[in-house]
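Trainee: Could you show me how to read a protein structure, one feature at a time?
Mentor: Gladly! Let's open it up.

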Amino acid sequence: MKKLLTILAFAASSAAAIAQSVECGGFSPSVIRPNETSKYVIVLKDINGSIDGASIPMPKELQIFSQGRAQSFTMGSGGNSSSIELTYLVRPLSEGEFTVPEWKVSYEGKEYTIAAATLKVDPNAPAQPADDDMFGAFGGMPFGFGNVFGGGSGGMSNQSARRQMQSYEDSLRSSAKLQVFLPREKIYIGEAVPCRLVFSCDKSLLDRGFKLSQLMPQIRNADAFDCPDFKGDPVLDTSDPNEIRLTYNTVITPLKVGTYDLDFSARGSFTREIGLEEMMNMSLADRMMSMGLGRRIPFEIEMPAKKVDVSPLPEEGKPADFCGAIGNFVVEGVTVDPDALVVGEPCTITARIIGTGNFGRINAPALEKLPDWKTYKPKSSFADESNGMGNIGIKTFEYTAVPTKADLASAPKFSFTFFDPNSAKYVSASSPDLPVSVAPTRRSQRVEERAANENLKGDEPTFKNIVADQAKASGSPITSSPYFWIIQLIIIFALAAFVLKRSKTLKLQSDPAYAKRISYRKNAKAFSNKAAAAAKAGNASDFLSHARSALQFELAANSEYEAHALLLREAEDIMRKAGFSDEDMKTAALFFDGKDAIAFGGLDPSTLNLANLQSKLAKLSTEIRARI
C-alpha cells in the first residue's frame, strides 16, 4: 500500500511538471483609443514566479505604468494545480499598431516561449466603459473592499481619483512643450553653437502638489548634429503665472552642410505625495501601487522639428594656415623656455588660446617656418570651463624647436587664424618676437682646450704609467684584481643608464606623440587606481567617474583626440577599428554613461557589482594597451 501511494504521488508530481507552462493572454482590450489603457496578461501555470516589467520587450510607444498579480488554486482528482496571472497596465504614447514580439523566460533551468501580442491604438475605436474598475487590471478581486474603507461610496471615490489623475495627465500632455533657441539664424559646419533647450508645462501641476522628479533630454538626429550629454542642472523659472520652464544650456555642432531638422526629445516624470485622506479613498490595488511612491505621471515629449540651414565656411579670404577654429579667441602667454641655449639644444615654445568656440576641432597651428630652426608637432591640452560642453576654456600647445645655427635673435613666432561666425570673417593673431640667445657649439672649443692642456702637462704621468707603477708596487697586474672589474662594470652600467635616460628625455622632447602616449598612460593608471579605491569603498558614482576618465586616457593615448573631450561615439570608432567585440564596446559604454545614468537616468547604485565592474575595467584597459 505504501509503495502504491509513493507511485501515485510520483505520478501526480510528474503530471504537474508536465503541465507547467507560460502563456500569453495578450492585450485586453486589443483595440483602444489613444487616451485609454489596456492590460497585457501573462499566465504562469504550476510555476511560482514573477516577471519584471522592464524585461518585457515592450515597444517604446507603449508604456507600462503599473503591474499586478493574482493567484488561484484548483483541487481535483487528477491532483492540485495553481495559476498566477501577471497583469501589466499599459498606456500608449502614440497612435498605431504595436507588437510585443515572441520572447522567452526561464524558471528553474527550463526555458518557456511567450507568444507575440499586438495592440492597436485607433482614435475611432469603441470607448471603454466609464465604470471600468482598477481592480480589473489585477485579474479581479472577489471581495468587496470598497465597503471596508469609507462605506459604499468607495467605488465612486476610486473612479473620481482616476478621472482626476487622467485630467492631470491630459493637462501635462497638452501643455508640455520642448523648444530649442539658437543665437542666430545662420550657423556654420563645425561650429560649436551655444543654444538653449527649454521644457515648459502647465503651472497648475505644481499648484496641485506635483513636482518634476526626472527629465532626461537628448538629441534625436545625431548624424547631422553633435551634442554633448546633458550633465548640468537646468535653470528653473516659475515667474510666469501660467507655466513653469526648465532651461538647459547646451552646445550643438553641425556635421553636414545643408538644411536639416534639429530635433530633441525628453523623457521624465512628475510625482505627487498622497495624503492620508486621499489614500483612504483609494482602492486597495491603487493603495498598494502608490505605497512609498506617490502618484506618478511619466511622459515622453518630442519637440516640433526645427529647420536649420547649415552653411559652409566661406572660401574667400580663407588663409592657407587656417586650422579649423570657429569662434572668438585670443592668443596669450606665448613663451620660450629656455631662452638661452646652444646650437642643437631643444627649447619649448608654449602658446595658449583662450575664448569660446569649437576647441575639440581645432588642429594644431604651425609655427613660423624659419630656415635655421627645426620644429616638431606639438603636444596639446585643454582646460574646460564650460561644465563639460567643451566650448569655453583654454587650449595649450607645446612645440619643441631646435636651433641649427648660432647667434639667432628670436625663436619662431606662433600664429593662429580663426573664423568669427558673428562677423563672418577670418581673424589672424600672432605672438610678438620671442627673443633668444643661441651660442655656438662648444665641441671644437673643448677639443682645442684639451690639446693645449696636454701640451702644457706633457711631463705629468699618464694613465698608462699610473697602471704600470701600480702593478710594480703591488707585484701583480691591476687587471687581475676583482675590484678592478667590479669598478668597470659599475661604470658601464651607470653609463648605460645615463644614455637610456637621456635618449628617453630627448625622445619626449622631439616626439610629441610619444610624450603624449607616456603622459596619457600614466594618467590612465592613476584614474584606474582611483576607480579601484572607489569600488573598494562602495562609492559607485566616483568609481564610474574615474573609470570613464581611465578609458578616455587609454583610448586617446595613440589618437589625435584630447582625453577629456573624447565622446562615446569616438571611443567606439577607435575600438571598432582595433577589432574590439560588440561586448567590449558595450562594457565601455557602461563606463562612459554609468555616472550620468545614476544622476539622471534613475539607475540604483546599490544594484551594481563594483568588484565585478572593476575586474572588467582592468581587463578592458589591458586589452586597449595591447591593441591600440
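Predicted model: local features only at pLDDT ≥ 70, side-chain atom pairs only at ≥ 80, totals over all residues.

Trainee: Which residues is Ile353 in contact with, leaving aside its neighbours within four places in sequence?
Mentor: Among them are Phe329, Val330, Phe359, Phe397, Phe414 and Phe416. Gly393, Ile394 and Lys395 belong to that list too. Also compare sequence with space: Ile353 and Glu332 are 21 residues apart in sequence, and their C-alpha atoms are 6.4 Å apart.

Trainee: What about Ile492: buried or exposed?
Mentor: Use the cut-off again. Ile492 counts as exposed because its relative accessibility is 53%. Ile492 lies in helix H8, residues 482–510. With Leu489 and Phe493, Ile492 makes a nonpolar surface patch of about 350 Å².

Trainee: Now a sheet, please. What is the order of the strands in the open sheet of three strands?
Mentor: The order is S2-S9-S6, and the pairing is mixed. An edge strand pairs on one side only, as S2 (31–32) and S6 (96–100) do here.

Trainee: In which sense do S6 and S9 pair?
Mentor: S6 pairs with strand S9 (residues 117–121) in the antiparallel sense, over five bridges. To see this pairing on screen, find Thr99, which stands opposite Thr118 in S9.

How values were computed
Residues numbered from 1 in each chain as written. Heavy atoms only, no water. Patch = residues over 30% accessible without salt bridge, like charges linked within 9 Å, V, L, I, M, F, W, Y side chains within 5 Å. Areas by Shrake-Rupley, 256 points an atom, 1.4 Å probe, with all protein chains shown as cover. Salt bridge = Lys/Arg side-chain N within 4 Å of Asp/Glu carboxyl O. Helix = DSSP H or I, 4+ residues; strand = E, 2+ residues; numbered from the N terminus. Buried < 20%, exposed > 50% of the residue type's maximum accessible area, 1.4 Å probe, protein only. Contact = heavy atoms within 4.5 Å. Pairing = 2+ DSSP bridges.
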